[in-house]
Amino acid sequence: METLGCNISLLLLQAFLLFLILSLTFSSPFTEKHVDVASFFSTFETRNVRVAQFFINASSSPPQARSIRVEEDLAQARAAIRKAIHLQNYTSHSHRTETFIPTGSIYKNAYSFHQSHTEMVKKFKVWIYKEGEHPTVHIGPMHNKYAIEGQFIDEMESKNNPFRASHPDEAHAFFLPFSVANVVQYVYQPITTVKDYSRDRLQRLLTDYATVVADKYPYWNRSNGADHFMVSCHDWAPEISKYEPELFKNFIRVLCNANNSEGFQPRRDVSMPEIFLPYGRLGPQNMGQTPNNRPIFSFFSGRPNGYIRKLLFNQWKDRDNEVRVYKSLPTGYNYTKMMGQSKFCLCPSGFEVASPREVEAIYAGCVPVVISDNYTLPFSDVLNWSQFSIQIPSQKIPEIKNILKAIPNEKYLKMYKRVNRVKRHFVLNRPAKPFDVMHMVLHSVWLRRLNFRLATLSQ
């Protein structure tokens, strides 16, 4: 009885301390910086998620206590980030030994980004569900245009992954290692008729997987999936949740195809860059030249897929030596080398809004000219794309040359320098390193987890 009494007292004390922390954390937001936690850096509103409550009473179990500790971690992280915003300073002592500190206009708020990333590295734990078998779960494509999907799954599955939770009760988020690209390759192929393109099999497979983990464990149901996520770069990925929209209404989808007109929700979902990986390499060759050695004013080469590229080809292909648009390069020309010799690289959407062009341009030190409609650019929570890229909607394709020519050389040189500074956030490392593309994807999920909390005290 004494042990039971001590346990109850300890749980009540933890609940009281958590109540104080959360009260301080969620009260009196700063008026200058709207503190919505998931977007200290943009215009998010706090996600309104209905979640199950944990009642602290004599029957409280150890898993509930661990859930409280998870929320305490998040509350402390929110408080530290708010402090960084309020002080406009790097509040973490660790920055004195760090090799990189985010500064400058390429960030919406460098102080809060640094502090949030620091808190993520210290605290964030992700449980990777073990259910399912190859080839549709736990592995994905490691090369070509869907490579980021498989590389991320493989990184998360690694035993050396520092973000990997050893037990689901200690996790802040839960990862479904489901590969849309592999489902299409192994379940759908060969595609011989129009009917074969139906997404119903893909949707049912993911729904079945989510139902299995929801029935087997308590974690999905306590948050209605709001702390669960998956990653996919395949064009079909945005449609995965249409079969059971109620089941997936809070589920975080990390997508390359971040099209706002097709159901992508920036406050809930995450935009991930599409990176084309050649076999045996983690990125293209670095063939970028200095500004004085870039004789090509603007450049694009690729297939005329989608309406935006068709507009671009109709307007500019073989029409102007300063807006060089190719369907295929002449013999002897090297694509990567030409990007490295260009000042501006045109990055038009294809069949879908995302393409590898933005990342290829950044790798080449070429200012990206993003030509798209309804595209939420990767890592827009923290990165200020207007400082290192030009964004042009499809209706202004005829004005591309005038828009680019109106940019003074001094501004171009600043943008060139910023492109080279932002490059580290799009570099793929294995294992992942702080502030690289893997960390940026995880940080985007971390922000969304910070942006809601499980109710831990009874009303």
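Predicted model: local features only at pLDDT ≥ 70, side-chain atom pairs only at ≥ 80, totals over all residues.
A nonpolar core here is a set of buried Ala, Val, Leu, Ile, Met, Phe, Trp, Tyr and Cys residues joined through side-chain atoms within 4.5 Å. Buried means under 20% relative accessible area, with a 1.4 Å probe and protein chains only.

Residues are numbered from 1 along each chain as its sequence is written, and side-chain values use heavy atoms, with hydrogens and water left out.

The overall picture, then. The protein has 13 helices and 10 strands, taken as DSSP runs numbered from the N terminus (H or I, at least four residues, for helices; E, at least two, for strands). Of its 459 residues, 53% are buried. Counting contacts (heavy atoms within 4.5 Å) with a separation of 6 or more, 73% join residues 24 or more positions apart.

Now the core. The largest nonpolar core holds 113 residues, and Phe-229, Leu-346 and Leu-383 touch the most other members. Helix α13, residues 437-450, gives this core its largest share, nine residues. A second, separate core has 10 residues, among them Met-338 and Cys-366. Back to Leu-346: beyond four places in sequence, its contacts include Phe-299, Val-325, Arg-357 and Ile-400.

Next, what packs on α13. The axis of α3 comes within 10 Å of that of α13, crossing at roughly 90°; axes are lines fitted to C-alpha atoms, for helices over the stretch in contact, with angles from 0 to 180 degrees between N-to-C directions. That makes the two helices roughly perpendicular, a label for angles of 65 to 115 degrees. On the α3 side the contact includes Phe-113, His-117 and Met-120, and on the α13 side His-443 and Trp-446 are among the residues.

As for α3 itself, residues 110-123, its 14 residues reach 20 Å from first C-alpha to last, close to the 20 Å expected at 1.5 Å a residue, where the expected span is 1.5 Å times one less than the number of residues. Because 11 of the 14 residues are buried, α3 is largely enclosed by the rest of the structure. Among those buried are His-114, Glu-119 and Lys-123.

Last, α4, residues 147-157. Its axis and that of α13 come within 11 Å and cross at roughly 80°, which means that α4 is roughly perpendicular to α13.

How values were computed. Buried < 20%, exposed > 50% of the residue type's maximum accessible area, 1.4 Å probe, protein only. Parallel < 35°, antiparallel > 145°, perpendicular 65-115°, else oblique.
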